[in-house]
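Hi,

Here is the structure I promised to pass on.

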Amino acid sequence: MRKKMNGGRGLSQLIIYVVLSALAISIVVPVAWVFMASLRQDNEFYGSPWTLPAGLHFQNFADAWGEARMGEYFLSSVLVTGMGIILLLALALPAAYALSRFRFRGHKVTGIFLMAGLFINMNYIVVPIFLMFVDADKALRTLFGGPFFMNNLFILALVYASTALPFTIYLLTGYLSTLPKEFEEAAYVDGAGYFATMIKVIMPMAKPSIVTVILFNFLFFWNEYILSMTLLTEMNGNRTLPVGLMNLMKAGKAAAHFGQMYAGLVMVMLPTLILYIFVQKKLTQGMTVGGLKG
Amino acid sequence: MNKRKGRGRFIFFCLAPALILYTIFMIYPTVKVFEMSLYKWTGFVGEKTFVGINNFIILLEDDYFLRSLQNSILLIVVVTVFTISLSLTFAGILTREKIKGQSIFRIIFYIPNILSIVVISAIFSAIYDPANGLLNSFLALFKPGDAEPVYWLGDQKIVIYSIIIAMIWQAVGYYMVMYMASMSAVPVSLYECADLEGASHIKQFFSITLPLIWTNIRTTLTFFIISTINLSFMIVKAMTDGGPDGSTEVFLSYMYKQAYTNSSYGYGMAIGVVVFAFSFALSGIVNGVTKRENLEY
């Protein structure tokens with residue numbers, strides 16, 4: 001009896017491992033394959049995809065970085081993501097602080113108004129935002145002789161930050177309202193103003209939630225491409241990495257520059273993978289706290 | 001008194017910047033979507049005429065829109081059914097069974113979720129390539145000789161399923177981690193009782209785990225509807241751009257196409273309004289249908 005049960009256990013264990021490994025392989029193999037492909041020479045792409053690269057053709061990365069301008073795009077992505085996160089924190093932290101620690105007239109309405117944004121997805125409002133900037137630029141051109149809003153990395157970062165506000169404020173408000181009130185009261189007794197209290201007392205305590213916000217929005221800003229593609233339209237102008245990669249994919253296939261294309265692919269995903277290795281625990285925990293997807 | 005005045009000013013300066021930018025870049029464009037849907041609005045600026053609900057009437061007879069509707073519904077249903085079954089199964093296995101390398105599996109399964117949709121599209125283009133793709137060359141191992149390659153992204157009948165597979169691949173890990181969190185909150189004592197009574201693990205999964213995390217599953221159904229609509233657009237845009245010949249056109253890719261390629265902004269926004277209403281209605285229906293008595297533990 002016991003032996004029979006053990007036999008069944010063993011078989012079901014085996015099935016479980018096979019199923020788990022199948023999914024794991026379906027994820028690891030394509031990703032690893034891209035890394036391998038990024039080191040191939042272009043003529044190697046006509047053979048079997050399963051052979052190891054003939055040599056380590058690092059030239060692909062140099063070509064992608066320079067010739068295909070992925071280096072410039074990399075810099076743009078770093079700038080947009082960095083500015084976006086700074087703007088987002090500068091906007092969301094005070095707002096979340098005011099909403100979570102103070103009761104004032106219109107408190108409830110303000111909260112509901114902001115939370116309504118959780119239901120608005122960026123993909124729906126790309127077109128009006130685009131038209132708004134085109135119109136504004138047209139007006140500016142007649143007034144000052146130059147456009148401003150389109151093809152501007154700072155504006156792109158500003159839109160990213162603004163559209164990330166509802167979720168970020170929701171997350172931060174939830175965290176801040178769990179902090180005990182005594183800290184602020186003590187600070188007021190010591191004669192600290194509201195602003196100083198917020199910066200010096202509350203912000204350091206909110207660190208864990210701030211880290212979560214930075215992680216999620218780093219991934220969101222770095223990976224986003226619909227808005228970026230729509231707002232950075234100048235011929236041969238600035239692009240962010242994912243959009244640059246899309247162009248590289250089209251051009252790469254036409255000109256058979258496969259190696260370059262996969263090198264570009266590695267440049268887009270490597271930063272997120274490295275970040276993920278260090279913070280995977282934090283990320284999967286934070287997700288269940290927020291529990292929402294864009 | 002002085003302090004109170006300062007308090008009001010402080011709250012105002014904390015909230016004002018966020019509220020202003022949120023209103024300009026989210027609320028105003030949203031209102032604009034609804035407004036524009038009532039106009040015939042072509043070209044960048046200028047020509048717009050009020051046409052009432054005319055855009056919506058045209059929409060009903062637009063074969064391309066109906067096709068995108070069909071595709072979107074197929075995607076929502078198939079992607080949700082497969083993703084939910086896979087992620088629940090994997091979450092159940094990883095929380096309940098003693099698995100070596102449990103955390104390694106969790107870490108790997110979540111990887112697709114941190115990759116840009118453009119990266120995922122590029123990876124799947126490499127997998128689906130008819131001549132030297134990973135999938136066809138793998139399949140060739142099983143059918144020797146010069147078999148006709150499968151055109152995963154070129155065949156109108158197959159391509160939508162190729163998109164579906166990419167979307168499931170992308171989503172499984174995310175929902176799995178989510179279900180794992182709620183499954184690990186189920187008290188172990190319940191399973192110990194069931195073990196003593198000799199219930200198999202599969203039985204335990206269906207009669208203990210699933211009922212107890214039902215609320216969580218319901219919430220994710222809404223996520224599935226909303227995120228499938230959004231992600232299908234982003235994947236289609238990067239991978240096939242609706243092709244070949246409209247066979248992978250989905251809701252928002254058609255909206256985007258009408259607005260930019262065709263410069264019919266009003267018509268495009270009418271599509272947006274319909275999709276928005278559709279996703280709300282569907283979420284409402286699903287929410288109502290799946291309502292069960294709340295179980296507590």
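Start with A:Ala95: leaving aside residues up to four places away in sequence, A:Ala95 touches A:Ile169 in its own chain and B:Cys14, B:Leu15 and B:Ala18 across in chain B. Bear in mind that this is a predicted model.

A:Ala95 also turns up in the largest nonpolar core, which has 156 residues. Along with A:Ala92 and B:Ile235, A:Ala95 is among those with the most contacts inside that core. Which helix gives the largest share of the core? That would be α7(B), with 17 residues.

As for the contact between the chains, 66 residues of chain A and 59 residues of chain B take part. On the chain A side, 49 of the residues touching chain B are nonpolar, 14 are polar and 3 are charged.

Back to chain B, where helix α7 (residues 159-183) packs with helix α10 (residues 214-239). Their axes are 10 Å apart, at an angle of about 150 degrees. Angles over 145 degrees count as roughly antiparallel, so that is how α7(B) runs relative to α10(B). The crossing of the two is right-handed.

If you want to find this contact on screen, the residues from α7(B) include B:Ile163, B:Ala166, B:Met167 and B:Tyr179. On the α10(B) side, look for B:Leu231, B:Val236 and B:Met239, among others. B:Ile235 of α10(B) is there too, the residue listed above for its contacts inside the core. By class, the contact of α7(B) with α10(B) has 10 nonpolar and 5 polar residues, and no charged ones.

Cheers

Conventions:
Residues numbered from 1 in each chain as written. Chains lettered and ligands numbered in written order. Predicted model: local features only at pLDDT ≥ 70, side-chain atom pairs only at ≥ 80, totals over all residues. Contact = placed C-beta atoms within 7 Å. Nonpolar A, V, L, I, M, F, W, Y, C, P; charged D, E, K, R; others polar. Axes fitted to C-alpha atoms, helices over the stretch in contact; angles between N-to-C directions. Helix = DSSP H or I, 4+ residues; strand = E, 2+ residues; numbered from the N terminus. Parallel < 35°, antiparallel > 145°, perpendicular 65-115°, else oblique. Left-handed = near helix turned anticlockwise from the far one by under 90°. Core = buried A, V, L, I, M, F, W, Y, C linked by C-beta atoms within 7 Å. Buried ≥ 20, exposed ≤ 12 C-beta atoms within 10 Å, placed from the backbone.
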